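Trainee: I would like to learn how to read a protein model step by step. Could you take me through this one?

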Amino acid sequence: MRGDAGQVQAGDLRVGPPRPAGTARTTRRTTAPPPSARLNPTDEMLYRAERALGSSRIVQVLWRLPEPVPPAALRAEWERLDRGRLSRRPVAARVPGARRVWVPAHNAEPPRAYSTPLTDDTAWEWIDEQVRAPLPAGSRALWRLASAPYGRGALVSLTVPHFRADGMGIFTALTEDGPPPVRRRGPLAGTADGDLADAVRQVTRAVTATAGWAARTLPDRRARAELAAALRPAPKPPASEPRFFSTAVFDFDAAEWEERARARGGTANSLFVEIAANLVRARVPLGDRAGIRVGVPVSLRRTAADARANALVVVPLSVPAGPVRRTDLGPTRRSTKAALDGTGEHSATLVPEPLWHLLPRRYADRLKAPGAQATDVVASNFGTLPDGVRRFAGLRADGVALRTMNVPGLVPERAGLRVSLCAVRVGERLTVTVTAIPDHFGDARSLRELAAEEFAAWGLRAREWWSE
């Protein structure tokens with residue numbers, strides 16, 4: 001699905017050229033990964049999200065396969081992934097001022113080949129179980145791969161903590177054999193990825209960037225007020241129990257989706273954004289707010305060799321609140337295009353990132369730029385998947401879906417997110433996953449009915465993901 005500013009690719013939180021569809025798996029081995037193999041602010045924030053928000057962000061990829069997956073084949077796929085970028089852990093630098101670094105690690109979570117066949121009534125319970133089972137940030141259980149018989153074939157689930165990889169990073173891991181993560185070097189290493197070199201680089205960049213930033217920011221009264229408000233300690237509101245989001249997944253004819261968008265003066269991506277906004281308009285109380293906060297995650301990856309765990313930015317977009325809107329997509333197309341055209345290497349922090357890394361944690365935690373959790377709804381369009389993602393254990397999947405989930409659930413008082421949509425295109429099929437807070441959208445059946453009504457109102461024929 002092509003967006004208003006080109007191919008919009010996203011994990012859960014950021015634009016670059018898409019990886020061509022049909023890209024085969026390749027073998028790459030590197031001995032000196034780039035400095036980006038150190039944790040960036042987005043990685044750090046997601047790593048600490050459980051403490052800050054009461055939940056962790058998890059990415060789950062699902063395959064519906066036409067044939068069973070033998071345990072040996074599942075194990076072989078698990079071993080291949082364990083050689084790659086998903087199996088690494090963050091280690092603190094031995095020099096003050098240096099960023100933490102990703103180092104190779106073995107996944108202690110074994111592959112799970114379930115023998116009990118799933119049915120339409122039990123499949124989503126099994127899928128949810130794969131996400132709910134803990135993968136703590138400091139654990140050696142790095143990610144989870146599981147399969148179970150379903151119909152004549154199988155369902156496969158890959159569950160990855162978001163701090164470890166965004167969606168595009170997971171797709172890269174699925175289409176390559178390697179490369180190994182960054183190799184640990186001593187603090188006095190004379191290479192670009194040595195701890196001492198990184199500490200010097202961070203301090204130098206902090207001094208240079210902060211000088212220019214201060215000259216631009218301090219004279220701006222609004223910017224000063226925003227910074228002061230962020231630094232001001234705010235008491236945490238009483239937290240209720242986490243809400244585990246309900247889920248509904250639909251398949252569409254991609255060409256029909258594009259035709260319906262053009263008929264109303266929009267693009268496939270602006271229709272996606274408007275549908276996301278309409279779900280909020282229909283069910284989420286906004287009080288006297290005039291706008292809906294939509295987060296559009298855009299990938300900043302330029303090549304598959306990008307070693308960053310999270311290379312994305314959430315582009316903020318405001319659309320009108322009020323009743324549902326299904327007539328003219330022009331305003332949403334123009335506002336989405338304007339937002340995406342301005343996308344670049346946006347900082348995830350309110351101060352220069354090199355300075356942010358040097359701040360004490362209590363200040364760094366307050367100086368985060370608003371991300372996905374601060375929006376009402378997230379609309380993540382991953383575009384066309386590489387052919388290698390569609391293949392698993394030598395089988396070509398009948399369907400591929402992706403969702404991002406807060407686990408054990410979202411705490412409403414600590415995050416604004418109420419709905420999240422993910423779209424992936426596989427061939428001529430577009431698959432849209434909708435997850436939403438049960439407080440406003442009810443259980444999976446209620447969410448499915450509400451979403452189906454919204455799609456039908458646009459003239460879109462939605463099939464449940466289970467349908468052949």
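Mentor: We will go from the whole chain to its sheets, cores, helices and a few local details.

Mentor: This is a predicted model, in which local features need pLDDT of at least 70 and side-chain atom pairs count only at pLDDT 80 or more, while totals for chains, interfaces and linings use all residues. Residues are numbered from 1 along each chain as its sequence is written, and side-chain values use heavy atoms, with hydrogens and water left out.

Trainee: How many helices and strands does the chain have?

Mentor: Helices (H or I, at least four residues) and strands (E, at least two) are DSSP runs, numbered from the N terminus. Here the chain has 15 helices and 20 strands.

Trainee: What percentage of the residues is buried?

Mentor: Buried means under 20% relative accessible area, exposed over 50%, and partly exposed in between (1.4 Å probe, protein chains only). Of the 468 residues in the chain, 55% are buried. The chain exposes about 19,100 Å², and carbon and sulfur atoms supply 55% of that area; the areas come from the Shrake-Rupley method with a 1.4 Å probe, and for residues only the protein chains shown count as cover.

Trainee: Now the sheets. What is the strand order in the open sheet of seven strands?

Mentor: Strands of a sheet pair through backbone hydrogen bonds, either parallel or antiparallel. Two strands count as paired if DSSP finds at least two bridges between them. In this sheet the order is β13-β12-β14-β18-β19-β11-β20, with mixed pairing. β13 (312-320) and β20 (463-464) are the edge strands, each pairing on one side only. Inside the sheet, β18 (residues 419-426) and β19 (residues 429-436) run antiparallel and are joined by eight bridges; R425 has L430 of β19 as its bridge partner.

Trainee: And which strands form the open sheet of five?

Mentor: That one reads β7-β8-β9-β4-β17, again an open sheet with mixed pairing. Its edge strands are β7 (112-113) and β17 (399-407). Strand β4 (residues 56-65) pairs with β17 in the antiparallel sense over nine bridges, with S56 opposite V407 and R64 opposite G399. β4 is also joined to β9 by eight bridges, and these two run antiparallel; W63 stands opposite V156 there.

Trainee: Are the residues of β4 buried or exposed?

Mentor: Ten of the ten residues of β4 are buried. S56, I58, Q60, L62 and R64 point one way, and R57, V59, V61, W63 and L65 point the other way.

Trainee: Which helix lies across β4, β9 and β17?

Mentor: Helix α5 does, running at about 45° to β4. Axes are lines fitted to C-alpha atoms, for helices over the stretch in contact, and angles run from 0 to 180 degrees between N-to-C directions. Eight of the eight residues of α5 (residues 167-174) are buried, so α5 is largely enclosed by the rest of the structure.

Trainee: How should I read the nonpolar cores, and which residues have the most contacts inside the largest one?

Mentor: In soluble globular proteins, nonpolar side chains tend to be buried together. A nonpolar core is a set of buried Ala, Val, Leu, Ile, Met, Phe, Trp, Tyr and Cys residues joined through side-chain atoms within 4.5 Å. The largest has 59 residues, and those with the most contacts inside it are W257, I292, V419, L421, V432, F441 and F455. Helix α9 (residues 268-283) gives the largest share of this core, nine residues. A second, separate core of 34 residues includes I170, A173, L385 and L402.

Trainee: What is F441 in contact with, leaving aside its neighbours within four places in sequence?

Mentor: Contact means heavy atoms within 4.5 Å. The partners of F441 include L279, V284, V419 and L450.

Trainee: How do α8 and α9 cross?

Mentor: Two packed helices are described by the angle between their axes and the distance between the axes. The axes of α8 and α9 come within 8 Å and cross at roughly 85°. The two helices are therefore roughly perpendicular (65 to 115 degrees; under 35 is roughly parallel, over 145 roughly antiparallel and the rest oblique). W257, E258, R260 and A261 of α8 meet A268, L271, F272 and I275 of α9. Helix α8 (residues 254-263) also lies across β11 (246-253), β18 and β19, at about 90° to β11.

Trainee: Which peptide bond is cis?

Mentor: The bond from V407 to P408 is cis, with omega near 10°, and P408 lies in the loop between β17 and β18.
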